[in-house]
Amino acid sequence: MPEVLATRRFLHENPELGLSEFKTSDFIAAQLTALGYEVTRGLGQTGVVGTLRNGDSSRSIGIRADIDALPIHEETGLDYASKNEGLMHACGHDGHTAMLLGAAKILAERRNFDGTVHLIFQPAEENFGGARLMIEDGLFEKCPCDAVFGLHNDPALPFGHIVVRDGPIMAAVDECRIVVHGHGGHGAEPQDASDPIVAGASIIMALQTVVSRNVHPLDSAVVTVGAFNGGKASNVIPERAEMVLTIRSFDPKTRDLLEERIRKVAEGQAESYGLRAEVIYERGYHPTVNHEAETAFIRDLARKVIGEDKVQDLPRPSMGAEDFAYMLSERPGTYFLLGTKRTENDPPLHHPRFDFNDEALPIGTAFWVDVAENWLKA
């Protein structure tokens with residue numbers, strides 16, 4: 001474990017954004033090569049896959065770790081804090097990568113499996129959908145997988161617990177930018193202008209009815225206006241105002257309904273003020289939907305190796321999003337959570353003071369070995 005800890009802290013010191021993980025990829029590839037893995041690079045630009053074969057079976061497994069960091073200024077004050085100004089591993093991907101590299105070493109030394117292990121080090125989970133990019137570059141043609149597995153640390157869950165869920169576990173995420181085009185003027189003479197601020201405020205309030213009055217009460221959905229910008233001075237009516245939304249859902253029909261209603265609400269509200277709304281709507285990650293058999297495999301295995309009392313089912317899916325969804329759309333598998341809670345006051349994911357709990361490294365590392373060896377029983 002000292003090696004895994006050193007790897008985690010090295011990665012934490014040297015964070016890189018999605019599709020720019022050049023040094024990270026070089027480091028991972030070098031580690032895998034030294035362990036005797038066949039290394040495939042260039043999938044999703046900076047993705048790396050380490051492949052290890054043993055025995056005669058044609059069965060195969062894929063295990064994913066995400067490798068990218070976030071554009072956040074670190075405020076932990078740690079000795080191993082980020083050396084790259086404005087970048088940090090605020091989501092624990094440094095821990096994910098270190099655990100999978102630790103498992104890579106144990107699997108190579110023990111070779112207690114029959115089949116093929118593909119260790120997938122994926123870029124750009126946070127922004128550009130690196131999983132999709134790897135798939136488009138032929139991930140599953142070059143590295144065939146009968147099933148794929150991924151985990152994420154969660155500082156809100158009890159330490160050492162593994163949390164699973166059948167079916168949807170993370171939401172689809174879409175983004176919308178609405179630009180209200182008006183006619184600027186003097187704030188003291190509003191009758192001579194067409195105010196996009198007022199129209200924009202009306203749009204924001206009307207959007208609150210999309211989920212409450214258009215989506216079925218038993219279907220989960222979120223429409224959040226995260227930014228509203230327009231104007232710079234108190235006595236100037238601006239030419240335009242702009243808002244940015246995040247939209248979350250699970251059901252494809254609900255996803256389509258949300259887009260339709262957001263467009264109509266924005267355009268209709270703007271028109272009622274004599275203005276025009278430009279709606280730029282972008283579909284993001286699919287919902288992350290776990291497969292029943294693979295989820296049951298993880299649940300049963302965790303109960304055996306970690307303990308019945310440390311395994312639980314997530315009562316409801318998260319409205320967060322995860323691009324592992326693309327891999328689960330192509331191959332059966334499951335995505336689960338590893339509790340890393342220290343105290344009640346732990347900084348959450350994506351916080352400038354977040355730091356992966358190193359005490360969880362042995363648990364995640366050993367569990368990945370258990371997953372590979374039990375899926376490909378010798």
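Me: Which residues lie nearest the centre of the second largest pocket?
Reply: The second largest pocket is lined by 13 residues (on a 1 Å grid, a pocket is an open set of points that fit a 1.4 Å probe, with protein on both sides within 12 Å along at least five of seven lines; lining residues have an atom within 4 Å of a point). This model is predicted, so local features need pLDDT of at least 70 and side-chain atom pairs pLDDT 80 or more, while totals for chains, interfaces and linings use all residues. Numbering runs from 1 along each chain, and side-chain values use heavy atoms, without hydrogens or water. Nearest the centre of this pocket lie E3, V4, L101, G102 and K105.

Me: Which element gives the largest share of the lining of the second largest pocket?
Reply: Two elements, α1 (2-13) and α3 (93-110), each give two or more residues to the lining of the second largest pocket (helices are DSSP runs of H or I with at least four residues, strands runs of E with at least two). The largest share, six residues, comes from α3.

Me: Which strand supplies the largest share of the lining of the largest pocket?
Reply: The largest pocket is lined by 38 residues, and those nearest its centre are E125, R248, G320, A321 and E322. Seven strands supply at least two lining residues each, namely β5 (148-154), β7 (167-170), β8 (172-181), β10 (221-229), β12 (240-249), β13 (276-283) and β16 (333-339). The largest share of that lining, four residues, comes from β12.

Me: Which residues does N357 touch, leaving aside those up to four places away in sequence?
Reply: N357 lies in the loop between β16 and α10. With a relative accessible area of 5%, N357 is buried (buried means under 20%, with a 1.4 Å probe and protein chains only). Once residues up to four places away in sequence are set aside, the contacts of N357 (heavy atoms within 4.5 Å) are F159, T340, K341 and R342.

Me: What share of the residues in the protein is buried?
Reply: The protein has 10 helices and 16 strands, and its C-alpha trace spans about 80 × 45 × 40 Å along the principal axes. Among its contacts with a separation of 6 or more, residues 24 or more positions apart account for 81%. Of the 378 residues in the protein, the buried share is 52%.

Technical notes
Buried < 20%, exposed > 50% of the residue type's maximum accessible area, 1.4 Å probe, protein only.
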